[in-house]
Amino acid sequence: MGRTLEKLDSINRGELSAVDNVWQALERIEKLDKKINSFIELNSNAVAEAEAVHRRLQRGEKVGKLEGLVIGVKSNLNVTGLRATCASRTLDNYVSTYDADVVKRVRAAGGIVIGVNNMDEFACGSSGETSAFGPTDNPAAPGHIPGGSSSGGGAAIAAGLCDLCLGTDTGGSIRNPASHCGVVGVKPTYGLVPRQGLIDLGMSLDQIGSIAPDVVGAALLLETIAGKTQNECVMLDVDKARYLDRLGDGVKGMRVGVSQKFRDLTDPAVMGVIDKSVEKLREFGAEIVDVQLPNLERGLTAYYLIVSVEFFSGTRKFDGRKYGKRIEDVCGEEVLRRIMRGRYISQKEYRGKFYQRALQVRTLVRQELMAALEKVDVIVGPTVPKLPHRLGAKLTPMEMYAYDYLTIPANLAGICAGVVKAGDVGGIPVGVQAQGKILGESDMFRVMHVLEAKA
Amino acid sequence: MKEIERSAQEVIDSFVEAAKDLPELKETYYNQEAYNVVSPDGEPTPEKERAEFRKRFIADMPGSDDQGNLKVEVAKWAER
């Protein structure tokens, strides 16, 4: 049945109350999280909120899709009364005065926010090591990085500290930790989920998505948070999303794309695990089709130019005048590196030398992915080209950025992409990535569901 | 600091090298063309909700003067 449905079922049948579910989560966090460090702050009202949900359930009221489930929220999303620090000293005393739209939707559906998850500082990182509150360990491969930047969310789900997590993904920040921690992570189509209440890394690339122990949980959370709102200026015209209805339809007759480019960029040990996943899809009736993505890798440096410019622009408000501290005075190395790069590009941008050119490369990567997705329903391949390094190992910035080769293209193109565990290499999880069309989440989830069942 | 500056520059140099043979194309700023920039005004927030928001804001703000106004810390770069 899967962890999420089992939990919902026992809450529905009254075997587990929403209050007990919260207490169990708090006990596990108390016991395990000193070592893992996946939460920055816990919600002191969580039990009271669970009691309110419990009372509504006892009165026989319809509560919502997430009734009584315990939810972790990444620290770059506003939750009333909790600190939205982005895991930075810049905002370490900044308390949110409102709920982000996605948090409002989670609460309205009966979800209980248990606390705020650790992350890479301002989402600048792929390892979970750049947080001002200390690195996060990987419960699925202790001593290794959990991936980032939604490091706390990935680790919390892997350790069973909460039921579901909200993460954000700008260049792979949900999918990368999902792969390293052996859980499920989904970056939705750009414009499907409102970003209101998110502290941006790159406004043209960020999307809020789900991290879950299983595909059902990821689909359920995305159904809850998806859909347009007037608070958001860049949104698709979608009222509601439904994925669970077609989740079990299988992949018979679906066209699944694979690319030689994935093999060229990926560690052979990781690729061996992915090949088995592709073979399973073939066995279950999918047609495997080769697709051409000749310039896929060129997206990496273009992305880092675009995101640096957008980040530089977005962080000018952190000047320490009205709240918090001046970002350049207190931030870590990677945040400073991106600010400096963004400032340099903004100053030197004449005749479209850097930023404009990077936006052209974005067009190229987007066109190639769109052309490939005209021939197939989804593209399946690896998530991260290599296995996670040990916590504390020294990597150059370019070596660190190389984790993002295979996740960045989906952000540049605005398409949806999801990750599910495919297997492991020497006990370290490896996630397989399914990339779908614009608003192609339903097909993407069907493929992920088959891959999950057969992993 | 010099090392951070150097590594910040490294990606720009790699990009220039990677993009040199690529064709000129139209730039993609946002992936979706449908912007909701002229969304109609909704109903104003109820006074009760606004009062609660003010209360929360005042409770959370780092400092206030005798009249309850937000006390702003002046950024270092603005000091003479």
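This briefing covers the contact between chain A and chain B, and one helix pair within it. The model is predicted. In it, 46 residues of chain A are in contact with 37 residues of chain B. Helix 10 of chain A, which packs against helix 1 of chain B, is described in more detail below.

**The side of chain A that touches chain B**

- Helix 10 (299-314), helix 12 (333-348), helix 13 (355-375) and helix 14 (397-401) of chain A each give two or more residues to this side.
- The most comes from helix 13 of chain A, which gives ten residues.
- By type, the residues on this side of chain A are 22 nonpolar, eleven polar and 13 charged.

**Helix 10 of chain A**

- Helix 10 of chain A is 16 residues long and spans 22 Å from its first C-alpha to its last, close to the 22 Å expected at 1.5 Å a residue.
- This helix is mostly covered, with 13 of its 16 residues buried.

**Helix 10 of chain A against helix 1 of chain B**

- The axes of helix 10 of chain A and helix 1 (residues 2-19) of chain B lie 9 Å apart, and the two helices pack at an angle of about 130°.
- Because of that angle, helix 10 of chain A counts as oblique to helix 1 of chain B.
- The crossing of helix 10 of chain A with helix 1 of chain B is left-handed.
- Helix 10 of chain A makes the contact through T301(A), A302(A), Y304(A) and L305(A), while helix 1 of chain B contributes V11(B), I12(B), S14(B), F15(B) and A18(B).
- Seven residues of this contact are nonpolar and two are polar, with no charged residues.

Technical notes:
Residues are numbered from 1 along each chain as its sequence is written. Chains are lettered from A and ligands numbered from 1 in the order in which they are written. This is a predicted model: local features need pLDDT of at least 70, side-chain atom pairs count only at pLDDT 80 or more; totals for chains, interfaces and linings use all residues. Two residues are in contact if their C-beta atoms, placed from the backbone, lie within 7 Å. Helices (H or I, at least four residues) and strands (E, at least two) are DSSP runs, numbered from the N terminus. Ala, Val, Leu, Ile, Met, Phe, Trp, Tyr, Cys and Pro count as nonpolar, Asp, Glu, Lys and Arg as charged, and the others, Gly among them, as polar. The expected span of a helix is 1.5 Å times one less than its number of residues. A residue is buried if 20 or more other C-beta atoms lie within 10 Å of its own, exposed if 12 or fewer, and partly exposed in between; C-beta atoms are placed from the backbone. Axes are lines fitted to C-alpha atoms, for helices over the stretch in contact, and angles run from 0 to 180 degrees between N-to-C directions. Angles under 35 degrees count as roughly parallel, over 145 as roughly antiparallel, 65 to 115 as roughly perpendicular and the rest as oblique. A crossing is left-handed if the near helix is turned anticlockwise from the far one by less than a right angle, and right-handed if clockwise.
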